[in-house]
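Here is a short briefing to read alongside the sequence and the 3D view. Take a moment to turn the model around before you read on.

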Amino acid sequence: MGPVAANLGGIAVYSYGLVVSVALFAGTALAWLVFRIGHRRFEPVIDSLLWGIPLGILCGRAGYVLHHLAEFSGDFLGIFCFWQGGYSVYGAMAGFFLAVFGVCRVQGLDTWRLLDGLTPSLILSVVLGEIGAFLLQLTMGTPFPPDIPNDHTLAEYVEFAYRPMGFEDSEYFQPIALYQAAMQTVAFFFVLLIAGLQHFLHILRHRGFRFLFGAGLIAAIRFACGFFYLAGPAETGITSGQLLSGGGALILLIWSLLRLRHGEVERV
């Protein structure tokens, strides 16, 4: 699949845009199911999405621009060319969480409780996004040696047009997006297990635990996979992205354990 999936009346429909749309739809559907099982109102989820999507786009773009300031030093108007791509995952997540916090503040809702309910959906959306990145060959790891035996059926084969600059002679790369998707899927089912224990056995019902623990797992996976990225720390040590994800994972996981020890237990 190429970067443009189709043309509708002269308007390009980008493949990754379709991936993001599928991830959002699947995450929303799962959130509806989770909230229905828990006998909770679904309207705050819709409100969070309506605010979270534009805020995620704005913050995601801002994060990318801040990380690539040199690219926009002579092209100020290029900052506002959202349709040309260039978004930070961390910035987009910050925008969505800002929307959730705002919705809870305005409507007088418990932010921890809403985030706990959204956690399985958020992880599922991340998993689908990684699968899309793998299928579109948008994310790849370090190249394999040229003499590695391969029959072109393994995931690491990358078409010439998608190989990064300087690696045109390398055919096989670590399928890093597939690695992440696989580990994130395990985290997804682990969070579902926690949700089941909370709902049916009424244990681990501390407010915020599910969200903090799930987010910590995703951050830890991102940190671990950072060693296999093409721009990974082969000789330069841990990257800035790994510092962010690793530090975030440590904080979130410790925080989740503190919630178990000192956090308020949600009433049945």
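How many nonpolar, polar and charged residues are in the lining of the second largest pocket? By class, this lining has 9 nonpolar, 7 polar and 7 charged residues. Keep in mind that you are looking at a predicted model. The points below start with that pocket, then turn to the aromatic rings and the cysteines.

**The second largest pocket**

- The volume of the second largest pocket is about 570 Å³.
- A total of 23 residues line this pocket, and the closest to its centre are Val34, Gly38, Ala195, His199 and Arg210.
- Three helices each supply at least two residues of the lining: helix 1 (15-37), helix 4 (111-135) and helix 5 (176-201).
- Helix 5 gives the most to the lining, with 6 residues.
- Rolling a probe the size of a water molecule over the atoms is a way to show where empty space is left.

**Aromatic rings**

- The structure holds 9 aromatic pairs.
- One of them joins Trp112 and Trp255, with ring centres 5.4 Å apart. Their planes are at 85°, and an angle over 60 degrees counts as edge-to-face, so this pair is edge-to-face.
- The two partners come from distant parts of the chain, 143 residues apart: Trp112 is in helix 4, and Trp255 is in helix 7 (residues 240-262).
- Trp255 has a relative accessible area of 39%, so this residue counts as partly exposed.
- Phe188 and Phe189 also form an edge-to-face pair, because their planes are at 70°. Their ring centres are 5.3 Å apart.
- Is Phe188 buried or exposed? With a relative accessible area of 10%, Phe188 is buried, because buried means under 20%.
- Phe96, Phe97 and Phe211 are linked into a cluster by ring pairs.

**A charge over a ring**

- Arg40 lies over the face of Phe35. The distance to the ring centre is 4.4 Å.

**Cysteines**

- A disulfide is a covalent bond between the sulfur atoms of two cysteines.
- How many disulfides does the structure hold? The number is 0.
- Cys104 has 2% relative accessibility, so Cys104 counts as buried.
- Cys225 is also buried, because its relative accessibility is 2%.

Definitions and conventions. Residues numbered from 1 in each chain as written. Predicted model: local features only at pLDDT ≥ 70, side-chain atom pairs only at ≥ 80, totals over all residues. Heavy atoms only, no water. Disulfide = S-S within 2.5 Å. Buried < 20%, exposed > 50% of the residue type's maximum accessible area, 1.4 Å probe, protein only. 1 Å grid on protein atoms, 1.4 Å probe; cavity = no way out; pocket = protein on both sides within 12 Å on 5 of 7 lines; lining within 4 Å. Points joined across faces, edges and corners; volume = space filled by probe spheres on them. Helix = DSSP H or I, 4+ residues; strand = E, 2+ residues; numbered from the N terminus. Nonpolar A, V, L, I, M, F, W, Y, C, P; charged D, E, K, R; others polar. Phe/Tyr/Trp six-rings, centres within 6.5 Å; stacked < 30°, edge-to-face > 60°. Lys NZ or Arg CZ within 6 Å of the ring centre and 35° of its normal.
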